[in-house]
Amino acid sequence: MFYIIGLGLCDEKDITIRGLEAVKLCTRVYLEAYTSILMIQKERLEAFYGKELILADRDMVETESDEILRDADKENVALLVVGDPFGATTHTDIVLRARSQKIPVRVVHNASIMNAVGACGLQLYNFGQTVSLVFFTETWKPDSFYDRIKENADLGMHTLVLLDIKVKEQSEENLARGRKIYEPPRYMSITQAVSQLIEIEELRQGGILQPDKTLAIALSRVGGGEDQEKIVAGTLSELAAQPAETFGEPLHSLVIVGKRLHHLEVQYAESFAVNAESWRNVAQSVYGCSLD
């Protein structure tokens, strides 16, 4: 059996009982370590699960999946995934590969940012397409995300923006020279994300990310409890003006608030606002939300 098991959002205790039982049945257990990260080190997981974990980086998951699936038709093998197993297309691909080899597959679900984002007070029913925002370079500034945000905005829907992480990435020079030398891990900050959004708005001029008229909510380490979780709400301008420590430690996500904004959403998220009065004023004057 090949198990693909969601670990949830925070630490070793977020795994479900069903997931933990499956881990204990396995002869090999891989930990996928590049589409997301947990807030703890691998050793704590190993101690809690009672199993040695094999780190599975991008190369292994995307190009060496046969090694992960080796003998899974005869013994139990697991791939542990931060969040929910189907939070990344990579994991769909490995399930398809297992099925093509006639390997039985069992998926154990868990919480992910896709549903835990509701912690900010916005209703999940009002979210549209989720988008990813990658690190810009001097020569590469992809803006296809803008079209997805606009499609959501045209329907009044909120947009969850997943911020880029770079784990075990090679520089262009090392990649070109075939050198297995990796850059230090990088995690996109809220400040950088907002800056990139505003940069593309200035380029595209679609009016959907106007800094003083667009409400947004920044989230950090959702599910980590009061000592780690951070939620900050405001206009894009207000978020851009905050010091980095305001937003807590990575990983970060950002929500662009849509015009189909309900007064209960405004009221709930107001407790996270940089400036509660400004939050309410923009919700009323720009978003047309009635707060009476």
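## The end of helix α9

Just past helix α9, Gln205 adopts a positive phi of about 60 degrees. The model described here is predicted. Helix α9 covers residues 190-204, which makes 15 residues. From its first C-alpha to its last, α9 reaches 21 Å. That is close to the 21 Å expected at 1.5 Å a residue.

## The buried side of α9

Several residues of α9 are buried: Ile190, Ala193, Val194, Gln196, Leu197, Ile198, Ile200 and Glu201. The cover over these buried residues includes both strands and helices. Among the strands are β6 (131-133), β7 (159-163), β10 (215-220) and β12 (252-256). The helices include α7 (144-154) and α10 (236-240).

The structure contains 15 salt bridges. In one of them, the side chains of Glu12 and Arg44 meet at 2.9 Å, N to O. The two residues belong to distant parts of the chain, 32 residues apart. Glu12 sits in the loop between β1 (2-6) and α1 (17-25), while Arg44 is part of helix α2 (residues 42-49).

Are the two partners buried or exposed? Glu12 has a relative accessible area of 10%, so it counts as buried, the cut-off being under 20%. Arg44 is at 42% relative accessibility and counts as partly exposed.

## Lys166 and Asp164

Another salt bridge is formed by the side chains of Lys166 and Asp164, at 3.6 Å from N to O. Lys166 is partly exposed, with a relative accessible area of 21%. Asp164 has 13% relative accessibility and counts as buried. The values of 21% for Lys166 and 13% for Asp164 fall in separate classes because buried means under 20%.

Some salt bridges share partners. In this way Glu67, Arg70, Asp71, Asp73 and Lys74 are joined into one network.

How values were computed: Residues are numbered from 1 along each chain as its sequence is written. This is a predicted model: local features need pLDDT of at least 70, side-chain atom pairs count only at pLDDT 80 or more; totals for chains, interfaces and linings use all residues. Side-chain values use heavy atoms; hydrogens and water are left out. A salt bridge is a side-chain nitrogen of Lys or Arg within 4 Å of a carboxyl oxygen of Asp or Glu. Helices (H or I, at least four residues) and strands (E, at least two) are DSSP runs, numbered from the N terminus. Buried means under 20% relative accessible area, exposed over 50%, partly exposed in between (1.4 Å probe, protein chains only). The expected span of a helix is 1.5 Å times one less than its number of residues. Contact means heavy atoms within 4.5 Å.
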